[in-house]
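Have a look at the model first, then read on.

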Amino acid sequence: MHLFSAMFLLLMLATMPCEALYPSPEEGWQIYSSDQDPDGKCLCTVVAPAQNMCSRDPRSRQLRQLMEKVQNITQSMEVLDLRTYRDLQYVRDTENLMKTVDGKLKTASDNPRSLNPKSFQELKDKMTQLLPLLPVLEQYKADASMILRLRDEVRNLSLVLMAIQEEMGAYDYEELRQRVLLLETRLHSCMQKLGCGKLTGVSNPITVRASGSRFGSWMTDTMIPSSDNRVWSMDGYFKGRRVLEFRTMADFKIGLNFVQHLLPHPWAGTGHVVYNGSLFYNKYQSNIIIKYHFRSRSVLVQRSLSGAGYNNTFPYSWGGWSDIDLMADENGLWAVYTTIPNAGNIVISRLDPQSLEVQQTWDTGFPKRSAGEAFMICGTLYVTNSHLAGAKIYFAYYTNTSTYEYTDIPFHNQYSHISMMDYNPRDRVLYTWNNGHQVMYNVTLFQVIKTSDD
């Protein structure tokens with residue numbers, strides 16, 4: 001589908017779940033979370049082509065080519081008009097001369113004896129004055145041929161434009177493009193009103209790529225807002241130091257255009273996160289958290305997470321040195337781990353992303369070894385009951401109220417062994433590493449949208 005056949009689908013009121021689908025680079029489609037009606041209520045979901053899609057649309061190129069042809073024809077017509085006007089003036093100026101020559105020729109034809117040397121010279125002189133008329137007439141003949149060609153070209157252009165108009169319907173190209181831009185502006189404005197919500201559903205899995213070993217992690221920057229489109233991949237769950245940085249998601253899908261970072265200290269587990277251009281990870285055989293800055297290729301800060309277990313003391317059920325799980329959501333940077341004083345129950349700590357100091361801590365009361373994986377959305381920790389097939393999200397802890405509940409949110413564990421599961425608040429999707437496959441899930445959040453009148 002392209003711009004001319006785009007249909008904007010407004011689905012579900014804002015009090016119903018809003019989804020954000022992963023864009024298809026091949027088609028250039030993307031999903032915006034909501035639109036806003038005249039009363040200030042948000043509607044979900046709107047489907048629209050990406051802004052740069054117009055430049056790639058074959059019909060867009062065809063229209064540009066047609067416009068260039070029309071411009072060329074217009075210029076040719078202007079040249080013809082100017083030349084015709086100039087030559088017509090010349091013909092009018094020589095009209096009296098042609099009449100005089102015609103009269104003298106008739107006289108000489110009727111009475112040859114009247115054509116004396118003087119009269120003959122006068123006639124010859126006047127004929128000489130008429131000689132420039134010959135190339136003018138030749139130009140008229142050439143211009144007549146050009147007009148025939150232009151007429152055929154205009155006929156062809158008209159047929160093509162009529163076909164495009166039938167396909168486009170009531171809107172011409174420029175009007176439709178302006179409508180898309182206006183809608184995008186309104187959508188982005190309305191998206192700013194989208195607050196946090198409660199997880200109510202997870203989509204079917206979207207397999208982005210199959211690469212690496214059975215265990216690993218991959219991610220994009222979780223900072224909001226951020227124009228950073230890089231993707232990072234870290235294969236393995238312990239002693240690893242090699243981080244691959246891809247320029248875009250499209251490059252990651254095909255495994256091209258990447259650079260390598262060699263971390264100064266090896267990592268443990270798969271609970272790494274990229275936040276505002278830096279990688280936060282657990283240093284191997286320690287409870288130290290390291291902040292590594294990609295641009296400068298340097299460690300900005302490292303700090304011990306006091307009392308946190310490590311070296312498979314309190315991992316998730318799949319093991320893999322997953323004692324400390326770092327993650328980010330709309331509320332900032334988090335560490336999920338446990339300690340001996342907490343009897344192996346999951347502890348949530350909010351971290352200062354600059355100093356890595358613990359700002360606040362919650363004891364969820366949920367045993368970490370019983371959890372398959374966990375992730376944060378809007379300050380709520382969601383825990384899966386397993387890392388294997390048949391897993392579901394069945395426990396939620398709300399840091400804003402320090403309360404919890406058991407949930408029953410199924411999701412399809414397609415490859416049956418999840419070793420990393422993290423939420424990205426930028427695009428509102430779950431990133432997972434599933435048995436050597438890099439998989440994404442869209443999430444559905446129950447949201448109440450506040451308007452300026454509230």
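Contact here means heavy atoms within 4.5 Å. This is a predicted model, where local features need pLDDT of at least 70, side-chain atom pairs count only at pLDDT 80 or more, and totals for chains, interfaces and linings use all residues. Residues are numbered from 1 along each chain as its sequence is written, and side-chain values use heavy atoms, with hydrogens and water left out.

**Nonpolar cores**

- Ile393 touches Leu199, Val202, Phe375, Tyr382, Val383, Thr384, Thr407, Asp408, Ile409 and Phe411, not counting residues up to four places away in sequence.
- A nonpolar core is a set of buried Ala, Val, Leu, Ile, Met, Phe, Trp, Tyr and Cys residues joined through side-chain atoms within 4.5 Å; buried means under 20% relative accessible area, exposed over 50%, and partly exposed in between (1.4 Å probe, protein chains only).
- The largest nonpolar core has 20 residues, and Ile393 is among those that touch the most other members, along with Leu199, Val202, Phe375, Ile377, Phe411 and Leu430.
- Two or more residues of this core come from each of strands 5 (198-202), 19 (374-377), 21 (392-398), 23 (418-424) and 25 (437-446); strands are DSSP runs (E, at least two residues), as are helices (H or I, at least four), numbered from the N terminus.
- Strand 25 gives the most, with four residues.
- A second, separate core has 17 residues, including Phe215, Trp362, Ala374 and Tyr397.

**Aromatic pairs**

- Rings of Phe, Tyr and Trp (its six-membered ring) pair if their centres lie within 6.5 Å; planes under 30 degrees apart count as stacked, over 60 as edge-to-face and the rest as tilted.
- The whole structure has 24 aromatic pairs.
- Tyr237 and Trp318 are edge-to-face, because their ring centres are 6.2 Å apart with the planes at 90°.
- Tyr237 sits in the loop between strand 8 (231-235) and strand 9 (242-246) and Trp318 in the loop between strand 14 (298-304) and strand 15 (325-329), so this pair ties together parts 81 residues apart in sequence.
- Phe238 and Trp321 are stacked, at 4.7 Å centre to centre and 10° between the planes, and they link parts of the chain 83 residues apart.
- Trp318 is buried at 10% relative accessible area, while Phe238 is partly exposed at 31%.
- Ring pairs join Phe215, Tyr237, Phe238, Tyr284, Trp318 and Trp321 into a cluster.

**A loop residue**

- Leu256 lies in the loop between helix 7 (249-254) and strand 10 (258-262), and counts as partly exposed at 47% relative accessibility.
- Beyond its neighbours within four places in sequence, Leu256 is in contact with Phe246 and Asp251.
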